[in-house]
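Thanks for coming. I will talk through one structure today, going from charged pairs to the sheet, the cores and a few backbone details.

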Amino acid sequence: MLRLEFSVEDIARTRFASSPLWEVVTSVQALKDPGRHVLHLSWHDVTQRRLSREGVNFPLLSALVPVPSYYVPDFLTPVPDTAAPTLDEELAGVAATPPGLVRTDLERMPKPWPALVSALHRDPATGLARLIDEIRAYWAVALAPHWPRIKRLLDGEVLHRARALAHGGAAALFQGLHPQVSWHEASLRVAHPAYEATRALDAGLGLVLVPSVFVWPGVFSQSNPPGQPGLVYPPHGIGQLWGSGARPAPRALAGLIGPSRARILIELEVSTSTAELSSRLKMSAPNVSHHLTTLRKAGLVAAHRAGHSVLYLRTAAAQTLIAACEPG
């Protein structure tokens, strides 16, 4: 059990961030252990074929991300300094890791090491250059085609948590992050197996919450990094990430607000754009936009801008309405 003890200043400095590099590391775990990451099996199968077809190999990256994984070098899993760093920005940070820190992190990995890890330990500069090349090649095939969809889900998670904070304070912010995570008496408890530690965040560091799709079904923490501590957890609504079709709406809901609006409301468990709703529901974009406007006026849907896109998410009132219309 890891206990992170919060002061008022720590709560004030808690923030969210996304991390392409964390998705790289955790997706490699999903590729190597598909039985544990069954939610991503469709991605796994497609990606394995693409990597093979494109001749993409990443032996050093794979060696640094063992399965089962009790430790991945901290220089490969940094807590983001900004809210939404690009992969290039994070890789620049990896490239700038001092050789002594690379060796210190590697020495926390169990031995015997694979030959490529030993080579990285002997010559960090050459090894990091190889590692970055592998990550770029892997990203281009395995993650870049899916990144817009992944990023929408991560942005929606931040919106979801911001609403929870607005309605219920810090306790609501942390509630439901993960089955292994709980908030109790000003401390966040992370039930890591075979790990016991307490860290007081009395320096006012706060915590960085990093939603990650491929970390599912687990949760990771960085309790003693150079900067702010971080907690990496799966986002709300991750079960819809790889879904290709729309889910049915309860009959009572369709009877109350109409079948089209009911279907839209069901899809908006996670933040979604008009174009994606149009594709999933086989409805024209103008028709979807018309229904979204009506639902917004009724207080059942809220809009959130993420970059150049406008994402929609159902409100707490919509949640209550759907629950009331569920059979039984």
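Glu276 counts as buried, at 18% relative accessibility; buried means under 20% relative accessible area, exposed means over 50%, and partly exposed is in between, with a 1.4 Å probe and protein chains only. The side chain of Glu276 meets that of Arg152 in a salt bridge, 2.7 Å from N to O. By salt bridge I mean a side-chain nitrogen of Lys or Arg within 4 Å of a carboxyl oxygen of Asp or Glu. Glu276 lies in helix H12 (residues 274–281) and Arg152 in helix H9, so this pair ties together parts that are 124 residues apart in sequence. Arg152 is partly exposed, with a relative accessible area of 22%.

Before going on, a word on where this comes from. This is a predicted model, in which local features need pLDDT of at least 70 and side-chain atom pairs count only at pLDDT 80 or more, while totals for chains, interfaces and linings use all residues. Residues are numbered from 1 along each chain as its sequence is written, and side-chain values use heavy atoms, with hydrogens and water left out. Helices (H or I, at least four residues) and strands (E, at least two) are DSSP runs, numbered from the N terminus.

How many salt bridges does the structure hold? There are 6 salt bridges. As background, side chains of opposite charge can pair when their charged atoms come close. Asp155 counts as buried, at 18% relative accessibility.

Helix H8 holds a pair as well. Arg130 forms a salt bridge with Glu134, and their closest N and O atoms are 3.0 Å apart. These two are 4 residues apart in H8 (residues 124–142), so about one helical turn separates them. Is Glu134 buried or exposed? Glu134 counts as buried, at 6% relative accessibility, whereas Arg130 is partly exposed, at 39% relative accessible area.

Now the sheet. In what order do the strands of the open sheet stand? The order of the 4 strands is S3-S4-S1-S5, and the pairing is mixed. Strand S3 (181–184) and S5 are at the edges with a single partner strand each, so one side of each has no neighbour in the sheet. Neighbouring strands are turned by 20 degrees against each other on average, direction ignored; the axes are lines fitted to C-alpha atoms, for helices over the stretch in contact, and angles run from 0 to 180 degrees between N-to-C directions.

Two strands count as paired if DSSP finds at least two bridges between them. S1 (residues 2–5) pairs with S4 (residues 187–190) in the antiparallel sense over 4 bridges, and Leu4 has Leu188 as its bridge partner there. S1 is also joined to S5 (residues 197–200) by 4 bridges, this time parallel, with Glu5 opposite Ala200. S3 and S4 run antiparallel, joined by 4 bridges, and Trp183 stands opposite Leu188. Within S1, Leu2 and Leu4 make up the covered face, and Arg3 and Glu5 the uncovered one.

The loop between S3 and S4 holds Glu185 and Ala186. Phi is positive in both, near 50 degrees for Glu185 and near 65 degrees for Ala186. Most residues other than glycine have a negative phi, and most peptide bonds are trans. Glu185 is exposed at 67% relative accessibility, and Ala186 is partly exposed at 36%.

Next, the cores. A nonpolar core here is a set of buried Ala, Val, Leu, Ile, Met, Phe, Trp, Tyr and Cys residues joined through side-chain atoms within 4.5 Å. Which members of the largest core touch the most other members? Among its 47 residues, they are Leu61, Leu76 and Tyr138. H8 gives the largest share of this core, 8 residues. Counting contact as heavy atoms within 4.5 Å, Leu76 touches residues including Leu21, Leu61, Leu131 and Ile135, leaving out those up to four places away in sequence. Apart from this core lies another of 21 residues, Leu265 and Leu277 among them.

Last, two peptide bonds. The bond between Val67 and Pro68 is cis, with omega about -5 degrees, and Pro68 is in the loop between H4 and H5. The bond from Lys111 to Pro112 is also cis, with omega near 5 degrees; Pro112 is in the loop between H6 and H7.
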